Structure formats: structure tokens, C-alpha cells
Amino acid sequence: MTAEAHLYDIRYSRYDGAREARWRSVLAMARSSTGRALGLRRTAGSKVWPFLLIAAAHLPAIATVGVPLLFDGAPEPLELMPYSQLLAVLTPIVVAFAATTLPSLLTRERRDRVLSLYFSTAMSPWEYLAGKVLAALALMSLVTLSPLLVLLIGSILTSEAPLDALRDDGRHVLAVILAGLVCALWFAALGLTAGAMTSKRLFAIGGLLAVLLVTPVLSGLVSSLTDQPSVRAADLSQVPLRATTDLLPGRGYDDEGSGKPAQALVWSVWGAVLLAATTVLVLRYRDPDAS
Amino acid sequence: MSLSDGYGRPMTAALACDGLVKTFGAVRALDRVTVSVAAPATGLLGANGAGKSTLMKVALGLLTPDEGEVRVLGLTDRTQIRARVGYMPEHSCLPTDMSAQDLCIHLARLRGLPRRDALRRASEVLFAVGLEEERHRLIDTYSLGMRQRAKLAQALVHGPDLVVLDEPTSGLDPAGRTEMLEILRHLSRDLGIQVLLSSHVLEDIERTCDEVVVLASGRVSAQQAVSARVSTGPVTLQVTGDAAAFAGLLQEHGITAQLVAGRILLPSAGPRELAAVRDLAASSGTGLSSMVDAANALEDAVVGAMA
């Protein structure tokens, strides 16, 4: 028997093969953008910061899950660290991750003037934006949804009766996923809006940090002076935390505080900011000559 | 005669504009442009600000015209046009943190090619533009000539029917420019890809295109073929030694020659006359220090149209 030999012509030829559906191109954009933001296929140095923050975001959940394994008679993980408390602990990390990875999803391509390539021969501005929103959601889920899931799955696996725990805690899966996505969507919207406003990454990071660090101080100050807890709803770094506190089982965020804004108000702020962010993105990219 | 591509397929008009108007504030960049471009390779020629880049951006959907209609490959639907057109902008447009290989794969995927085909096409196209050895290097480390090739590669990776090139030789050194022009000629002549390129250098268009469209102040001022012209004169000769004697020698052999300011003007100089000049110069021991084509029909036409 002789082995078959094939000759391949590697010279340029016309392409008459299949074309995939447009949503596959949107996914390709999302995948590529996510990889670049994480420093994949780039130097080792560009991977350090994002992966450091992702690791830091998972540490509290891993530590909480590990405690009952190390110490007999220790409380259950979800008693030690309820979901809302975990989100509160994660907030500084989430803010740092959002500020340093999300704006560059848009600023880099504006700076390099790649948009004319994309919009002339590759995809429409709306497909481009859809890909970027998916990428931002995927990135933020790594530091919001993923730690919550680690805590949920870890608490089930480390319980004395995992099957019973699966039955009891398993019903919270949807609530945990929803809460993680609410947080991810919030920071994705803010990060992309900052990135859409300028081609300079540092300006976008500065703007986003200013919004997320100044609003807590201002809202807290005004709330104290006026004795109006509702003003705290303007603390943009805590909006997703306050919005999801009733969604998640266990002790909620701000439960022990002197006062907290009404849930309806918090959700109104969440919706209004998302609407504003969407409007900014659409206005910024509706002109194909945005490059 | 109907045009066909290198594969025998009928060639539709790459670009058909009807009454295109585009203004930027008080500047009328395109002023009722009506033109149909169907040659295998067409050059858009004009001075800076003539409207070349604006016309290309309107054709690619990057700018919306104020008036008029534009069809690309007979299509008006942007999604269909995107799938069949490649674009190489004049300005720097490459993501500097990617390699040429990753860029080509990325753009092929965005244009709808399956991953396996995108990988294969990226290798093919980078080989075709001469970047196969450097394809894994970051674009940030490329020379200008390599970046131009990478820009061309991404424009070709999805196998377009038409490739739009905005000043493809801009900033290249003479050797790089020659190589780029050879690649461009190869596209329309051997690969059957329609080429629409803009330049303000007539020689680039003469070497790569079959037709030239001249734009001036946002209007089409001329459109004509770039034919392989047989020189028929006039030609100006400069000789060492006695120019008057050599002019007389030419006259004796039936070649009309006039002495003008110490140079010999041949009003008619086809292949027969030029061969006779060579032979007579050799037999009489006269040195030919220069022999200059005194007329260039295309250049004259273009200069006239741009004036």
C-alpha cells in the first residue's frame, strides 16, 4: 500500500468558499477584543495586570470556601461571606479592572485608526458595537459573575452533604447569574462609554475613575448633610451592589446601615445610566467615518 | 467588446457614480461626479484635494453623499459590497499590537470566512505580498514598506472582486515603490481582481492601470485609456560633435531633422527613424548624449485636465 501524497498550492487564489452568518463575525470581534484586553498573544508583561486582578477577584471566594475545610466547626461559606458581601469586597477590584481593561476596547482602535478598515469592508458600526459589548460583558463577568459562581459551587462541594446543598443552594443559580450579569453590564456600560469619548486611553481611565471615585464621596457627603438616604443612589460605584442586594439570598448589602435608598430608585439609576451609555455609543458610532 | 476577469468571468463596472455631490462645510469635495469605471485597473488621478479620497470613501460607504447615487460592482447594499471589496487606506490604519498574520486572520473572520479558511488565506496573501518571513512580528516593529504590504494583504485576504487602494505607494522608497507597483499590476493582470487606485503620480498609474480618471476640484475632468503607446515623435537629440553635420546626414537619408538651439529635433520618429539614427551615429562616429521623447500624450492630456 502506498501513502497518498497531496500537493497544495500556497499561491494567492480567489476565494469562493462559504461565508458564515454575520453573528459569527460579531462573536469573532468579541473573542478577539477579549483576548487583546487580557494580553493574550502579546508580551508576558501585558498579561500581568489583568490576570493579577482576576486572581485577586477570586481569592475572597476561594478563601471563604476553604475555611470550612481547614477548621472544624467553622461556619458554612455562605454564612461567612454572603453573595452581597462578596460583591462589596470585590468592588475596588472590579473598579480597577473595569478602568484598566474596558476603555482600551475602543480607544486603541480609534487611536490606530482601524475603524475605517472595519466599517468599509468588514462590518457595520452596529455589529462592531455588539462585538465590543459582548467582549466587555465577558471581561467583567470574570471579576463579578465568576467569583460568585466559585462561591456557590464551592459552598455546595465543601458542605457535609453536597447533594442536599445542591438541592438547597442550587435554586439560587439563576439569581447569582442574574446578579453577576447586572454588575457586569453596569461596569461594561460605564467603561465603554468612557472609551467611546476619547482615543486616549489615559483620559478614558481618568474619566471613569473620576466618576466611580468622586460620586461615592459626593453622594455620601450630601446624604449626611441633608439626611436623605436616597441621595446615596447617586454613588455610581455601588449601584449594581445595591440593585442586586434583594436578588441574592443571605444578608444583603447596607442591611446594617442607618439608611439606604429605595430599590426602585436604585434600579431607576441603573436603567437611566445604561440608557445614557447606549445613547452615547450609538451617537458616537452611527457615522461610519468615525475613524 | 465585453470585459472579463482573469478567470473569464464578465467584469461589471467596479464603480458607477451618478451626480455625486459631497460637501464639507463650504468646501464642495465632489461636484456632480458622474463616472463609470469598468477597466481591470483604473487610476484616480488628481492633485491633493481634488476629491480622490472622498470619492473612494463615498464608494466604500464611509461617507454619505449629499446627492447622487453610487454603485459598487453593480450593488448598493452595504453588506454585499463589504463582502466583495477590499480597501487599503492611505493613512496608517493597522493595530500596532498585532502581527500581520493575526491581523489578516482577524479581518478575514470579521468578513465571514470560517476559521480554517481564514488561516489558509492569511498565509496565502502574506506570501503573495512578500511578508511570509515577517508575518509573526508585531506590526509596531515593521518598516513603512512592510506596513504598506500588510495593509494590502488585509485588503486581499477575503478574496475581493474589487480592491480600492488609496495612495498605495505613499511614503515608499524607490525600490519599495517599484515592488508595490509590480504587486498591484499582478492583481488585475494575473489574479483577475479589479483595482481602483488613487495617486497623484502619473507614472504609478501608467505602470499599473488600464484607464485613468482625472479629478480636478471635485469634478471628473478626463477619462481615458492608458494604452501601450508606440512612440512616433517628436524626439529631441543631443549629440557630441557637429550637430549641424549630423542633422544634414539624417536629411540625406530621408529623415526630417531640424536644428533648434544646438539640438536636433525629429518631428516624426517611429521605430524605423530611430534605428536609422542609431546606425548613422555609429557609422559616422557621432556620440548620442541624449535622446528625449518630446511628447507624452497621456501626460499632456492629464496636465491639461488638471489645469
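I began with a pair of helices in chain B: H8(B) and H9(B) cross in a right-handed way (right-handed if the near helix is turned clockwise from the far one by less than a right angle, left-handed if anticlockwise). The model is predicted, with local features needing pLDDT of at least 70 and side-chain atom pairs counted only at pLDDT 80 or more, while totals for chains, interfaces and linings use all residues. Residues are numbered from 1 along each chain as its sequence is written, chains are lettered from A and ligands numbered from 1 in the order in which they are written, and side-chain values use heavy atoms, leaving out hydrogens and water.

**Entry 1: H8(B) and H9(B).** I looked up the geometry next: H8 (residues 243-252) and H9 (residues 271-284) of chain B have axes that come within 11 Å and cross at roughly 125°. Axes here are lines fitted to C-alpha atoms, for helices over the stretch in contact, and angles run from 0 to 180 degrees between N-to-C directions. That angle makes H8(B) oblique to H9(B) (under 35 degrees is roughly parallel, over 145 roughly antiparallel, 65 to 115 roughly perpendicular, the rest oblique). Phe246(B), Leu249(B) and Leu250(B) of H8(B) touch Val277(B), Leu280(B), Ala281(B) and Ser284(B) of H9(B), contact meaning heavy atoms within 4.5 Å.

**Entry 2: H7(A) and H13(A).** I then turned to chain A, where H7 (residues 125-141) and H13 (residues 263-285) pack at about 140° with axes 10 Å apart. H7(A) is therefore oblique to H13(A). The crossing is right-handed. On the H7(A) side I found Pro125(A), Trp126(A), Tyr128(A) and Leu129(A), and on the H13(A) side Leu281(A), Val282(A) and Tyr285(A).

**Entry 3: H6(B).** I checked the length of H6 (residues 174-190) of chain B: at 1.5 Å a residue, its 17 residues should span 24 Å, and its end C-alpha atoms are 24 Å apart, which agrees. The expected span is 1.5 Å times one less than the number of residues. Which residues of H6(B) are buried? They are Gly176(B), Arg177(B), Met180(B), Leu181(B), Ile183(B), Leu184(B), Arg185(B), Leu187(B) and Ser188(B), buried meaning under 20% relative accessible area with a 1.4 Å probe and protein chains only (exposed is over 50%, partly exposed in between). Their cover includes strand S3 (41-45), helix H5 (144-156) and strand S7 (194-199) of chain B. After H6(B) comes Gly192(B), with a positive phi near 70°.

**Entry 4: chain B overall.** I noted 10 helices and 13 strands in chain B; helices (H or I, at least four residues) and strands (E, at least two) are DSSP runs, numbered from the N terminus. Of the 307 residues in chain B, 52% are buried.
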